[in-house]
Amino acid sequence: MSGVILEADDLHLRFGGVQAANGASLKVAANERIAIIGPNGAGKTTFINLCTGYLKPQSGRVVFNGQDVTRLSPRAITRLGVGRSFQIPQLFLDNTVIDNLLLALSAREGSWSPFTPMLRHPKAEEMWALLDLVGLKETGNRIVRELPEGMRKLIDIAVALALEPKLIFMDEPTSGVSSTEKFQVMDTLTRVLDARATTAVFVEHDMDVVARYANRVAVWAGGRIAHQGTPEEILNHPEVRETVIGVGV
Amino acid sequence: MARQLVFGAALIAALAVFPLFSPWSTVILTVALCEGLAALGIMVLLRAGQVSFGHGLFFSFSAYAVAFMAAAKVGHEALVLIPVGMAASGLLAAIVGLFVVRYRAIFFGMLNLAISMVFFSLLEKLFSITGGADGKRVPRPTFAGVEFGREQFELATFYVTLVLCILAALFVARYLLSPGGKALEAIKSNETRLEYLGVSPRKVLYGAYLLSGLLAGLGGAIIALVSGHVTPELAYWVRSGEFVFIAILGGIGGVAGPFLGALMFQIIRGYAAVYAPETWHAVLGVMLLVIIFFAPAGLYGIVAGKGGKAQREEGGR
Amino acid sequence: MPPEMLLLAALDGLAYGSLIFLVAVGLSLIFGVLGIVNVAHGSFYAIGAYVAAAGVLALGAAGLPTWLAFPTLLIAAALVGILVGGLVEIALLRRVYGKEEVLQLIVTFAVFMILEDAQKVVFGVQPYFANAPMNWLGTVEVFGIFYTTYQLILMPLVALAVLVGLRFFLRRTSFGRAIVAVTQDREAATAMGIDAARVYLITFIIGASLAALGGALASATTSLTPGIGAGTLVLSFAVAAIAGLGRIEGAAVAALLIGLGRSAAVYFAPEFDVLIPYLIMMVVLLVRPQGLFSTVQTRKV
Amino acid sequence: MKTMKLAIAALAGTLLAGQALAQDKPKELVVGIATFLSGPASVFGVPGRNAADLLIAEINAKGGVLGVPLKPVYVDEGAGTNQLLSEYRRVVQEQGAQVMLGAISSGSCNALAPVAEDLKVVNVMWDCGTQTIFEDGKWKYSVRTQAHAGAEMMATLLYLMKVKPDFKTVAVVNQDYAWGRESWALLQAGLKALKPDVRVVAELFPKFGAPDFSTEITRLSALRPDVVISTSWGGDLDTFVQQAAARGLLKQSTFVLPLAESSLERLGNVLPEGVIVGSRGDHYWLHPKYKNTPEMQSFVKAYKDKTGVYPIYPTFHMQQALTGLQKAYEKAGAGGKWPSKEEVIAAFEGLEFKSLTGTITIRQDHQGLEDQLLGTTKRVPDYPFAVYDKMALYPGKLVTTPLGEKSLDWFAKVKPDLVTDKSIETFDYAK
């Protein structure tokens with residue numbers, strides 16, 4: 001295992017009477033695949049929001065690649081190489097799939113010439129390759145709003161990947177994807193992540209997915225990590241089985 | 001696309017030959033084009049889901065800049081006054097934009113309104129400088145170095161305006177199709193994702209604001225020359241509202257929309273002024289309601305055969 | 001500048017602020033519940049004023065006692081709110097809920113244009129005034145200066161009554177609570193059996209009636225001429241924006257701020273009295289974009 | 001494609017419609033009339049239009065001008081200057097108006113004069129007040145058939161000096177726009193020349209159309225000036241007077257309201273006795289010399305029947321403009337030929353014609369000379385509103401800035417003996 005790429009240290013955030021983060025800490029090493037599990041309201045999404053700058057912690061700090069990013073905007077953190085997909089996909093719903101992806105590529109390249117129409121985008125080839133990779137080539141010209149939730153989920157991830165992040169947070173990547181396709185989707189994603197040497201942290205509710213694709217699992221409860229370890233250790237942990245997975249011993 | 005090009009070309013051709021047949025229409029058409037420019041600026045902002053109820057600020061700022069320069073005989077030349085007036089508004093937009101791009105929706109509209117009303121009040125109050133509510137005369141400058149008579153000057157200004165409008169429309173059309181234009185639309189559809197692309201929505205909106213200020217400024221500079229008089233009324237909020245009105249009337253689906261809206265606005269106003277001089281506001285108001293409820297994509301939607309629904313129905317989120 | 005002049009200036013500001021408050025609070029209420037910035041609000045003010053003045057003049061012509069003018073003002077305001085406001089909501093606004101803000105704004109702008117001309121057609125263009133109620137109440141003397149009881153006492157009292165009444169209505173009555181519920185979460189409120197459409201209609205009528213009440217009260221002190229609505233609207237915009245849209249108590253403070261600011265300007269910098277409301281609005285929006293009395297809300301992702 | 005053609009056809013139809021070219025002997029004489037049909041100034045604009053309708057019908061009933069009937073086309077000044085200018089052009093170029101009557105506000109008048117030159121159309125300034133038009137510019141095609149602010153303010157000043165010679169302090173509350181500013185500048189210059197010891201204690205310029213003057217009135221109540229001057233008009237004047245009256249200010253100071261004639265009937269019992277009032281000229285429907293002439297009586301009756309109120313000064317200004325126009329046409333077309341626009345405008349120079357309340361003379365700079373009538377209010381049982389009493393009629397020649405001089409300079413060197421000039425006639429109210 002190589003060096004630590006992200007370190008969240010003792011994050012605290014309280015709003016509206018809820019302790020959304022209560023000493024949340026996590027170290028992520030390069031090329032890890034960390035699954036975050038836990039009941040609803042445990043603060044999993046809040047943790048991602050804190051790490052990516054959408055929320056600012058009241059105390060604690062986040063270090064990415066040796067740089068303190070605690071007070072940076074999502075924009076700045078994204079530019080440093082942290083990507084993110086969302087629980088509810090955040091896309092430009094009235095645009096086509098390719099517009100969504102091309103905009104991401106423009107953002108990455110910083111190419112905004114007002115005289116180059118989107119249709120003649122210099123990175124169009126890369127975009128098609130990416131679409132092909134996630135198996136959505138046929139939907140390229142469709143308007144996102146018309147697509148089913150599962151596809152949007154994938155597009156959301158593809159948009160994040162288009163930015164070529166070093167680390168990606170995925171908030172429930174397989175929710176909305178039918179159970180038969182979950183493994184297929186995760187296989188594809190893992191292939192892309194491996195090919196690009198991208199580190200990933202993902203929130204997941206499906207324990208089969210966790211068992212198969214994570215190499216470390218962090219159990220969230222009350223705004224912090226309650227347990228962490230390998231999938232085997234965690235999934236067999238009696239307390240975790242009861243509180244998180246909902247299976248009594 | 002082809003259909004839109006044909007339509008655009010036909011509109012331009014019709015506009016280009018019109019004043020030759022009916023000299024009195026020159027000024028009205030020029031005024032319509034100027035308002036169309038301001039409405040085009042509004043349309044750019046509407047693409048980002050933002051509405052400014054204060055673009056009279058940029059319209060009037062350049063108009064007054066032109067009035068002051070023309071009166072002081074500084075650059076007493078239309079072809080100098082127009083770009084300088086436009087640049088003055090661009091500069092103002094560059095400053096105002098720094099503040100307003102932090103705001104969205106109704107707050108964006110309100111802040112624009114407030115700033116333009118401050119300017120309006122100043123124009124009215126600083127009587128000794130601005131001539132107060134009565135405004136300032138704009139002496140007719142030379143045109144390309146030539147001292148024209150009224151008719152030639154009006155005609156020349158009209159054609160220059162027409163060319164400038166075409167250039168502006170083409171540029172805006174290109175811009176809206178470019179990634180920058182898509183990023184602008186993204187402010188309306190999902191600003192969070194834009195942030196997570198590493199793009200600053202404020203910067204994107206700032207660019208659009210600057211563009212819209214320049215467009216309104218161009219319109220204002222020309223209107224000052226062609227009507228030979230500027231008044232604070234150019235900065236009043238009702239005037240700013242008219243620009244939004246024109247943009248919606250014409251439709252924001254294509255760059256021809258605002259110009260169509262402006263032409264229609266002038267035609268209705270002209271007719272109403274003859275047949276219903278006391279109720280022309282109401283006639284316009286009814287017209288607007290009809291468009292909103294029965295052809296939401298505006299005149300452009302009707303002409304471009306888009307029927308309209310798809311374009312607008314979705315936006316509200 | 002003797003110190004009592006400051007007090008005198010403040011008294012003028014109080015009367016003026018009370019009037020703007022009445023109009024602005026209606027605008028704010030409508031925004032809070034319907035989410036619409038109602039540009040036609042100024043027209044309700046103007047029509048309320050005209051109808052009230054016509055009523056008071058008719059009373060005078062019929063030789064009825066002057067005190068009847070006061071209920072007439074209230075009735076005029078309610079009538080305008082119900083008939084004109086109700087018609088606008090049912091015929092137009094109802095069709096644009098949930099659409100883009102811009103569209104809603106522009107619909108009310110169109111209504112504004114239509115109503116402005118409608119006033120002219122119905123009431124003509126000659127200045128109109130009905131000062132009987134103001135004169136009937138007489139004057140009070142403060143430091144040797146005469147004030148009309150109507151402006152110095154009645155108008156602030158009405159404003160205060162509206163403020164307290166609105167608070168009570170929204171917090172203590174079941175319909176008021178329904179309004180608040182719809183404001184906070186329309187879907188949940190509908191699920192609880194609240195008729196959102198009815199809440200919208202009645203809120204709009206209340207808001208419009210308040211604007212009309214402002215106009216009705218003003219009709220005794222000022223001449224009604226075409227165009228009074230447009231100026232009042234921008235002022236109440238300013239008040240609502242300074243307070244934070246949808247803030248009722250805030251609107252009272254903001255209206256007072258503008259009233260005092262303006263009369264202070266007449267004393268110290270008469271050249272800038274018209275600038276004051278817009279300057280305050282601009283500064284507040286720049287420093288606290290959500291207004292003085294609102295809190296920021298973040299979107300959930 | 002079809003919709004597009006339709007749209008273009010519609011556009012073409014609209015813009016090409018009716019391009020009547022001026023004929024040598026027209027079937028009708030189109031007269032464009034710029035007046036306020038909307039906005040606060042429609043208190044003057046609409047009475048002006050009503051009078052025009054009435055008078056034009058009368059002229060046409062008598063065979064029109066040189067046998068040609070007049071056809072009025074109205075343009076709304078309230079739509080804003082830019083819109084006014086393009087409407088003005090349209091009426092001249094599309095509807096073939098040979099004569100324009102424009103306008104009321106000095107802003108519009110200043111903007112229209114150069115356009116009239118451009119269009120080569122006779123422009124009769126029927127209600128313009130600003131003296132600067134013919135003092136700062138030379139306009140071939142424009143002519144003014146009434147006095148200007150200089151004459152109006154000079155007469156006001158002389159009357160004030162006559163009836164209240166011993167005042168020491170003065171305050172002004174004028175509308176914040178050109179008229180309010182310019183009229184005060186003139187009065188101030190004249191005051192300095194005639195009464196250098198007078199102190200100006202407050203100069204207030206509330207916003208045009210202000211709904212509330214409470215603060216201004218409080219200040220005036222505290223300052224207690226001997227004289228309060230306000231050249232405001234319309235709704236602003238009504239509001240100011242009402243609020244001031246309710247708070248006793250009208251009894252505390254002498255009010256000078258040079259435009260109050262137009263508000264007398266509306267103000268009813270609000271206006272007490274002893275207020276100095278004027279009417280921008282010599283017009284008054286109860287004019288001491290002319291109220292019983294058949295012309296006046298029929299005009300007042302016709303106007304009251306039509307509108308329900310007594311005529312105010314803009315209606316008289318309209319009458320002067322139309323009469324002057326008729327006389328100029330008759331003078332220019334004396335040979336039996338239909339006159340050209342240039343001949344008409346030339347005929348205006350030196351023209352002398354009778355108005356309902358006196359005689360108007362057009363100077364060679366196209367400025368009209370008109371008498372000025374001022375009075376002090378009095379309550380009489382005959383009417384439910386105040387009437388003029390202690391009237392003084394100032395001859396136009398006496399109070400109008402001499403040819404070639406600027407009003408402001410002339411005011412600065414005015415001599416006190418003007419106050420008691422022998423040509424000034426005086427009258428008291430008589431039933």
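## Two domains in chain C

The centres of domain 1 and domain 2 of chain C, taken over C-alpha atoms, are separated by 20 Å. The model is a predicted one. Domain 1 of chain C covers residues 41-225, and domain 2 of chain C covers residues 227-295.

Where the two domains meet, domain 1 of chain C contributes 12 residues and domain 2 of chain C contributes 9 residues. On the domain 1 side, helix 2 (41-61) and helix 6 (149-172) of chain C each supply at least two residues. Helix 2 of chain C has the largest share of that side, with 6 residues. By class, the domain 1 side that touches domain 2 of chain C holds 6 nonpolar, 4 polar and 2 charged residues.

## Chain C as a whole

Chain C has 12 helices and 2 strands.

Along the principal axes, the C-alpha atoms of chain C fill a box of roughly 60 × 50 × 35 Å. Buried residues account for 58% of the 301 residues in chain C. Of the contacts in chain C between residues at least 6 apart in sequence, 77% join residues at least 24 apart.

## Where chain C meets chain B

How many residues of chain C are in contact with chain B? On the chain C side there are 39 residues, in contact with 37 residues of chain B. Helix 4 (101-123), helix 10 (228-243) and helix 12 (275-287) of chain C each supply at least two residues of the side that touches chain B. Helix 4 of chain C gives the most to this side, with 16 residues. The residues of this side of chain C divide into 29 nonpolar, 1 polar and 9 charged.

Chain B consists of 317 residues and has 15 helices and 2 strands. Its radius of gyration is 19 Å, close to the 20 Å that the globule rule gives for 317 residues, so chain B is as compact as a globular protein of that length. The C-alpha atoms of chain B fill a box of roughly 55 × 40 × 40 Å along the principal axes. In chain B, 68% of the residues count as buried. Among contacts in chain B with a separation of 6 or more, 77% are between residues 24 or more positions apart.

The contact between chain B and chain A takes 21 residues from chain B and 26 residues from chain A. Helix 7 (150-177), helix 8 (179-189) and helix 9 (191-195) of chain B each supply at least two residues of the side that touches chain A. Helix 8 of chain B provides the largest share of that side, 7 residues. By class, this side of chain B has 8 nonpolar, 7 polar and 6 charged residues.

## A sheet in chain A

Chain A contains an open sheet of 4 strands in the order 2-1-4-5, with antiparallel pairing. Strand 2 (18-29) and strand 5 (67-68) of chain A stand at the edges with a single partner strand each, so one side of each has no neighbour in the sheet.

Within the sheet, strand 1 (residues 4-15) and strand 4 (residues 59-64) of chain A pair in the antiparallel sense over 5 bridges. Asp9(A) has Arg61(A), in strand 4 of chain A, as its bridge partner.

## Nonpolar cores

The largest nonpolar core has 383 residues. Among the residues with the most contacts inside this core are Leu101(A), Val66(B), Ala114(B), Ile106(C) and Val239(C). Helix 1 (residues 3-34) of chain C supplies the largest share of this core, 19 residues.

What does Val239(C) contact, leaving aside its neighbours within four places in sequence? Val239(C) is in contact with Ile20(C), Ala24(C), Ala251(C), Ala254(C), Ala255(C) and Ile258(C).

Note on methods. Residues are numbered from 1 along each chain as its sequence is written. Chains are lettered from A and ligands numbered from 1 in the order in which they are written. This is a predicted model: local features need pLDDT of at least 70, side-chain atom pairs count only at pLDDT 80 or more; totals for chains, interfaces and linings use all residues. Two residues are in contact if their C-beta atoms, placed from the backbone, lie within 7 Å. Ala, Val, Leu, Ile, Met, Phe, Trp, Tyr, Cys and Pro count as nonpolar, Asp, Glu, Lys and Arg as charged, and the others, Gly among them, as polar. Two strands pair if DSSP finds at least two bridges between them. The radius of gyration is taken over C-alpha atoms; the globule rule is 2.2 Å times the number of residues to the power 0.38. A residue is buried if 20 or more other C-beta atoms lie within 10 Å of its own, exposed if 12 or fewer, and partly exposed in between; C-beta atoms are placed from the backbone. A nonpolar core is a set of buried Ala, Val, Leu, Ile, Met, Phe, Trp, Tyr and Cys residues joined through C-beta atoms within 7 Å. Domain bounds come from an automatic or database domain assignment.
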